[in-house]
Every structure is written in C-alpha cells, then in structure tokens.
Amino acid sequence: MVHTMIHLAERFPQLAQNGCDPKLEVYLPDNMTEMGRDDHKRPCLLVCPGGGYRRVSQREGEPIALHFLPHGYNVFVLWYSVSPNRFPTQLREVAAAMELIYEYAEAWHCDTDKIAIMGFSAGGHLAAHYSNAYHWPEVREMFPESKPVQASLLCYPVITADPKHAHLASFQRLLGKEELTQEEQLRYSCNKLVTAQTPPTFLWHTRRDQVVPVMNALLYGQALAEQDVSFAMHIYPEGVHGLATVDAVTNNELSPAAALAVDWLEAARKWLSFTL
C-alpha cells in the first residue's frame with residue numbers, strides 16, 4: 001500500500017491564502033502485478049471528515065479509509081481549512097483534490113469515471129455542496145475546469161441553513177457571520193441546490209442525533225426524490241452524533257441500540273459497487 005500526505009498549497013500556491021495548509025492524505029492499495037493487474041484502475045473515494053467547520057475530525061479520516069481500502073478503493077482524505085477561513089475556501093480545496101486525482105490518475109491507477117465524495121457532519125455539507133456547486137464562479141475562478149463527482153455519500157450531514165433544523169454554528173463558521181439572510185439560507189442549504197444533475201446519493205443519519213437534526217438528511221432526500229435523482233437513505237433509531245465507524249475504534253462508549261448503525265458501512269459499499 002502507498003500512504004502519503006500531500007500539502008495542496010505546494011502544488012496549488014493559490015490555496016495558501018491566509019496561511020491555509022490543506023492536505024490530501026492518499027491511501028492506494030497495491031496493484032498485484034503477479035496477477036497481471038499492472039494497469040488495473042480503481043474507483044476513488046474522496047473523504048471530507050466533519051468537525052463543524054471548526055476542526056477536522058481524525059475519527060472520520062483514517063478509520064474510514066481503512067474500511068474501504070480492502071474493498072478495492074483508492075481513498076483520499078481531505079484535511080481542509082476551517083474557521084477563521086471562510087467560503088469558498090473549502091470548496092476550492094475539494095476542487096484542488098479532484099485536480100490532483102485527475103493529474104495522477106495513471107500513476108495512482110484511478111478510474112476518473114468512478115469518483116465518489118463522502119462527507120461527515122459539516123464535511124457532509126462540504127461534500128453535498130461540492131456535488132452541486134463544483135462549477136460555481138467562486139470555484140471556477142481558481143479552477144476553470146473543476147470536476148464533478150459521480151456519487152455522494154453523506155453521513156449525518158449538515159444540509160440546511162434554515163434555523164428550524166440547521167446546525168447554525170457550522171454556517172456561522174463557514175460564512176463568518178451570526179445571522180444569515182434569507183438569500184444566504186437558500187444559497188448554502190444543499191437541499192435547495194439539488195437538480196436533475198446532482199449525483200446519486202447515499203444518506204445515513206440517526207433519529208436521536210441531538211447535534212445535527214435528522215431533518216437535514218430527510219430534506220436532502222426529499223429534494224433528490226423531487227428531482228428524480230437516484231438515492232438510498234438509512235435512518236437508524238438510536239445513536240448520538242458522530243458515530244463514524246460505529247465501533248470501539250471511533251467511539252469510547254456505544255450502546256447496543258446505537259451499534260445497529262454499523263450496518264451503514266456494508267450498505268454504503270454495496271451501494272457504491274452498484275452505483276459507480
């Protein structure tokens with residue numbers, strides 16, 4: 001296996017504004033040449049951990065990568081910039097990660113027709129935002145040929161900026177303001193951005209999430225249904241916010257009821273193999 005950390009601003013100096021140092025952690029399974037797989041190309045998974053745009057969670061980085069590597073995925077974990085760095089910094093960093101995947105597709109054995117983005121909590125907002133807004137002017141200003149993804153996986157995601165259901169702290173940190181205008185609520189609510197071109201999406205959440213209400217996933221699912229976009233949704237009855245891999249690796253305590261949500265990993269892998 002190849003494992004390396006790439007400082008994106010060294011490759012794209014324009015990302016170094018305000019002292020930003022976004023990093024792309026690369027996990028590549030070995031192609032077994034003795035089995036004639038020298039040129040075998042793999043689907044790719046770009047992971048955006050959560051953290052409320054305040055930090056980037058370790059629990060949703062390496063543990064996630066190590067779950068998907070054995071199933072034949074090249075995995076890339078994006079350690080993106082957080083507050084006090086504001087929109088569109090994070091979207092541009094996702095675009096930069098995509099540029100790098102395309103640039104090294106041959107060396108890294110990447111199938112660029114099979115790239116999925118996965119996000120957790122605020123990272124779920126970033127993943128859903130990029131899925132729908134990769135071509136926004138703020139992104140194309142820096143990356144004129146910014147690339148779409150072919151699938152999205154959103155794990156207990158922050159979706160809506162509507163105060164009724166929002167994790168407001170995420171939007172306050174992303175935008176640097178306490179209150180959003182109605183126009184801003186619409187522009188940064190990912191469910192309001194869904195179109196028929198939105199990629200197929202896998203969603204999971206828990207009914208008991210007290211940090212990011214389950215309505216976030218439900219609103220995104222409703223928007224996908226209204227646009228006839230393929231999606232799968234799993235709502236588990238119990239479990240706190242931030243379950244990650246739903247095991248002892250990423251949880252100090254785990255109730256038997258919450259442990260049911262561990263099924264999301266197998267469900268996501270099956271969905272990806274069907275979708276990509």
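Q: Which residues make helix H3 meet helix H5?
A: From H3 come Gln-90, Leu-91, Val-94, Ala-95 and Met-98, and they meet Leu-126, His-129, Tyr-130 and Ala-133 in H5 (contact means heavy atoms within 4.5 Å). This is a predicted model, in which local features need pLDDT of at least 70, side-chain atom pairs count only at pLDDT 80 or more, and totals for chains, interfaces and linings use all residues. Numbering starts from 1 along each chain as its sequence is written, and side-chain values use heavy atoms, with hydrogens and water left out.

Q: Why is H3 called roughly perpendicular to H5?
A: H3 (residues 89–103) and H5 (residues 122–133) pack at an angle of about 70°, and their axes are 10 Å apart. Roughly perpendicular covers 65 to 115 degrees, so H3 is roughly perpendicular to H5. The axes are lines fitted to C-alpha atoms over the stretch in contact, with angles from 0 to 180 degrees between N-to-C directions.

Q: What classes do the residues of the contact of H3 with H5 divide into?
A: That contact has 7 nonpolar residues, 2 polar ones and no charged ones. Asp, Glu, Lys and Arg count as charged; Ala, Val, Leu, Ile, Met, Phe, Trp, Tyr, Cys and Pro as nonpolar; the others, Gly among them, as polar.

Q: What makes the protein chain as compact as a globular protein of its length?
A: The chain has 10 helices and 8 strands (DSSP runs of H or I, at least four residues, and of E, at least two, numbered from the N terminus). Its radius of gyration is 18 Å, close to the 19 Å that the globule rule gives for 276 residues, so the chain is as compact as a globular protein of that length. The radius is taken over C-alpha atoms, and the rule is 2.2 Å times the number of residues to the power 0.38. Along the principal axes, the C-alpha atoms of the chain fill a box of roughly 55 × 45 × 40 Å.

Q: Which helices each supply at least two residues of the lining of the largest pocket?
A: The largest pocket has a volume of about 300 Å³. Of its 17 lining residues, Thr-160, Leu-186, Asn-191, Lys-192 and Leu-219 are the closest to its centre. Helices H8 (182–188) and H9 (215–226) each supply at least two lining residues, and the largest share, 5 residues, comes from H9. By class, this lining has 5 nonpolar, 8 polar and 4 charged residues.

Methods
1 Å grid on protein atoms, 1.4 Å probe; cavity = no way out; pocket = protein on both sides within 12 Å on 5 of 7 lines; lining within 4 Å. Points joined across faces, edges and corners; volume = space filled by probe spheres on them. Parallel < 35°, antiparallel > 145°, perpendicular 65-115°, else oblique.
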